[in-house]
Amino acid sequence: MHDINIVSVDDNIVNLLLIEAFAKDLKMNVHSFTSAMEALTYVSCNPVDIILTDYMMPEMHGIDFIKNVRQYHPDLPIVMITAVSDNNQLLLDALEAGAMEFLNKPLNPAEIKARLTSLAKLCKSQLLLKDKALLLEEEVRKSVCVIEEREHEAISVLGNAAEYKDPNTGTHITRVASYSVVIMRGFGKNIQEQNIIFHSAPLHDIGKIGIPDSILTKPASYTPEEFEIMKRHSQIGYDMLKDAKSPYLRQGGEIALTHHEKFNGAGYPNGLKGLEIPLYGRIVAIADVFDALTTSRPYKEAWSIEKSISYLKNEKGSHFDPDIVDVFVENIQEIKRILNGEMITL
Ligand SMILES: [Fe+2]
Ligand SMILES: [Fe+2]
């Protein structure tokens, strides 16, 4: 706890010296001013705990001085030094301007000491409260971070569960999430949106949990019947997540439902067209297909980046949103780094 700092203003130097003497007895720091203007300059940029002010001063009335101080220190204890003969109106005006206490002239040592001691106690308890509030705020902030980290962890465990059902996908979901963030950045979206897509894109295939292993792990192409069953993973993922309270899970549900829709309306499950497909679904569709193309699967070799990009370009407006393909291609250097195993930092 710091020492108490008093600013004392009076055009009468004797009064200033008296207050300095009493305050020093109480081990408080005093900054004395005969000029209210100078005192105002001082309090505008220095830490102050208590102000003592005379009211009749040549360049500025005590009440005006208090009003000015209040602009910088709305809660500071201000004591006005008055004469016994002063009228009630002056006291009322001083109270209205923001004076909290009065001291009578001629100054009485016992009264000044008692008043300064009680104000110092008030200051110290206020400072303590402020410290506690800051401490609590910091604790709350830390707790929120911990809860968010756990939420992210739970989501990635959930995403990995689908990946384990479909072991061919390897680190597919992490790369899809990272490509999606690159696209979000390319569109100038803020960090919150980047964060949401990073933690929700991994859930795009969560519905595969509900697809039989015999189909998921089949090393050959699907029969039309098998493909119909496989297509159900979009709806299953959505049904799992749609009522979640977490924005990441809810967004994951929307992505699960829409990541196989196509821009020309030929996708599944609902045949949505163009901008009817939510942005996150349109983004993950590109990230998902690009990653499937550039990695090897049991039924195909990994395609080169060039071949994969020209595939995306060919599918502009049919499978993919043309604007998103453009942004993806513009950021191909970062995409390559992610494909080579670099982690994205949010
Ligand atoms: Fe999928
Ligand atoms: Fe996928």
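Trainee: Which residue stands opposite F33 in β2?

Mentor: In this predicted model, V9 is the residue that stands opposite F33 of strand β2.

Trainee: How do you know that β1 and β2 count as paired strands?

Mentor: Pairing requires at least two bridges between the strands. Strand β1 (residues 5–9) and strand β2 (residues 29–33) are joined by five bridges and run parallel, so the two are paired under that criterion.

Trainee: Why is β1 called largely enclosed?

Mentor: A residue is buried if 20 or more other C-beta atoms lie within 10 Å of its own. Four of the five residues of β1 are buried, so the strand is largely enclosed by the rest of the structure.

Trainee: What is the order of the strands in the open sheet?

Mentor: The open sheet has five strands in the order β2-β1-β3-β4-β5, with parallel pairing.

Trainee: Why are β2 and β5 said to stand at the edges?

Mentor: Each of β2 and β5 (101–105) has a single partner strand, so one side of each is left without a neighbour in the sheet. Neighbouring strands of this sheet are turned by 20° against each other on average, direction ignored.

Trainee: What makes β3 and β4 a pair?

Mentor: Strand β3 (residues 50–54) and strand β4 (residues 78–83) share four bridges in the parallel sense; the requirement is at least two. T53 has M80 in β4 as its bridge partner.

Trainee: Which helix lies across β3, β4 and β5?

Mentor: That is helix α5 (residues 109–165), which runs at about 165° to β5.

Trainee: Why is α9 called roughly antiparallel to α10?

Mentor: The axes of helix α9 (residues 224–241) and helix α10 (residues 247–258) come within 7 Å and cross at roughly 165°. Angles over 145 degrees count as roughly antiparallel, and therefore α9 is roughly antiparallel to α10. Their crossing is left-handed. Among the residues making the contact are Y238 and L241 of α9 and L249 and R250 of α10. By class, the contact comprises five nonpolar, five polar and one charged residues.

Trainee: Which residues make the contact of α11 with α13?

Mentor: R282, I283 and I286 of α11 meet I324, V325 and F328 of α13. Five of these residues are nonpolar, none is polar and one is charged.

Key: Residues are numbered from 1 along each chain as its sequence is written. Chains are lettered from A and ligands numbered from 1 in the order in which they are written. This is a predicted model: local features need pLDDT of at least 70, side-chain atom pairs count only at pLDDT 80 or more; totals for chains, interfaces and linings use all residues. Axes are lines fitted to C-alpha atoms, for helices over the stretch in contact, and angles run from 0 to 180 degrees between N-to-C directions. Angles under 35 degrees count as roughly parallel, over 145 as roughly antiparallel, 65 to 115 as roughly perpendicular and the rest as oblique. A crossing is left-handed if the near helix is turned anticlockwise from the far one by less than a right angle, and right-handed if clockwise. Two residues are in contact if their C-beta atoms, placed from the backbone, lie within 7 Å. Ala, Val, Leu, Ile, Met, Phe, Trp, Tyr, Cys and Pro count as nonpolar, Asp, Glu, Lys and Arg as charged, and the others, Gly among them, as polar. A residue is buried if 20 or more other C-beta atoms lie within 10 Å of its own, exposed if 12 or fewer, and partly exposed in between; C-beta atoms are placed from the backbone.
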